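Please read these notes with the model open beside you. Take the points in order, and find each residue before moving on.

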Amino acid sequence: MFLADMIDDLVKLQMNRREIRFTEYIQRMMRTISLFLLFLTIDGGFGCSCFPSHSQTAFCGSEVVIRGKAISRNSSPQKDHLKNPLINNGAFPKLLRMYGDVVYEIEVIEIFKLPSETDIKVGDTVQAVTGANGAMCGGYLALNTDILITGRQNGKSKLKFGLCNFQAAFSSLTNVQLEGIRGLYDCRCQIYPWQTDATKKIDTCYVDEFPGYDTTCLEQYGRCSQEESGECKWNVEQNNSCLNPRRN
């Protein structure tokens, strides 16, 4: 009887050990799968995609439009990720930098558009927050470069921008674009790539109205403005240089 009890105890102990090893194996597998999915996200497996938009559309659709200079760039892991033992366990320090935010310090040179409740002024240094990489829709600003930055309000003295927001070196903007952001872009009008409805919308300009024009040139030298009739129409400068003979 004693021997039978010992054998029974040994069998139970062995089964318990197997269950523990199996549980540990499952936990290791789950950690591996989680890391694999996380790296897919970081590397763009579930990446961010943006539809190109006219600079007028970008201006009218943004809460914040400023001219500024990025003087610093720092990684800032999101607080929720710091609580995750899978990421914040000391074994994967790069994940904290890759799976969070990037914070730029921006010197404000000129202001074109701001919500009334913000405290941002010319000469201020403000924070601009974006995702850590393109897969998280993070944007990029070259340091010590005069840049046009569009985005949205993020508190009274901060802004947030991303990959899909319009950013451009200020020196690359044409006179038409500069005039637009300084007051001539008519935000009563919309710009669409092509006409999808049977009837043209009175408040919309369509890029495919100019099949012989280079769309990049149309963005740089074209504005959609409302006329006295209430209809929105293209006002295109430098017509001849915007013609693209390869598309005629």
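1. Glu 231 counts as partly exposed, because its relative accessibility is 24%. Here buried means under 20% relative accessible area, exposed means over 50%, and partly exposed lies in between (1.4 Å probe, protein chains only). Glu 231 sits in the loop between β9 and β10 (232-236). Strands are DSSP runs of E with at least two residues, helices are runs of H or I with at least four, and both are numbered from the N terminus. Glu 231 touches Lys 200, Ile 202, Ser 225 and Gln 226, leaving out residues up to four places away in sequence. Contact means heavy atoms within 4.5 Å.

2. A word on the source. This is a predicted model, where local features need pLDDT of at least 70 and side-chain atom pairs count only at pLDDT 80 or more, while totals for chains, interfaces and linings use all residues. Residues are numbered from 1 along each chain as its sequence is written, and side-chain values use heavy atoms, leaving out hydrogens and water.

3. Now the whole chain. Its secondary structure comes to seven helices and 10 strands. Of the 248 residues, 34% are buried. Take the contacts between residues at least 6 apart in sequence: 67% of them join residues at least 24 apart.

4. Is Thr 204 buried or exposed? Thr 204 is buried, because its relative accessibility is 0%. Thr 204 belongs to strand β8 (residues 204-206). Its side chain makes a polar contact of 3.0 Å with that of Asp 203. A polar contact is a pair of N or O atoms within 3.5 Å; within protein, one must be able to donate a hydrogen and the other to accept it, and residues adjacent in sequence count only if both atoms are side-chain atoms. Beyond four places in sequence, Thr 204 touches Gln 190, Tyr 192, Glu 209, Cys 224 and Cys 232.

5. Next, the largest nonpolar core. It has 16 residues, and those touching the most other members are Ile 66, Tyr 104, Ile 106, Leu 141, Ile 149 and Leu 159. A nonpolar core is a set of buried Ala, Val, Leu, Ile, Met, Phe, Trp, Tyr and Cys residues joined through side-chain atoms within 4.5 Å. Strands β1 (64-77), β2, β3 (125-131) and β4 each supply at least two residues of this core. β2 gives the most, with four residues. Apart from this core lies another, of 12 residues, including Leu 178 and Ile 181.

6. Look at helix α5 (residues 175-184). Its buried residues are Val 176, Gln 177, Leu 178, Gly 180 and Ile 181. Their cover includes α2 (55-60), β2 (100-113), β4 (146-153), α6 (215-221) and β9 (222-226).

7. Last, the rings. The whole structure holds four aromatic pairs. One of them joins Phe 59 and Tyr 185, which are tilted, at 5.9 Å centre to centre and 50° between the planes. Rings of Phe, Tyr and Trp (its six-membered ring) pair if their centres lie within 6.5 Å; planes under 30 degrees apart count as stacked, over 60 as edge-to-face and the rest as tilted. Phe 59 is in helix α2 and Tyr 185 in the loop between α5 and β7 (190-192), 126 residues apart. Phe 59 counts as buried because its relative accessibility is 10%.
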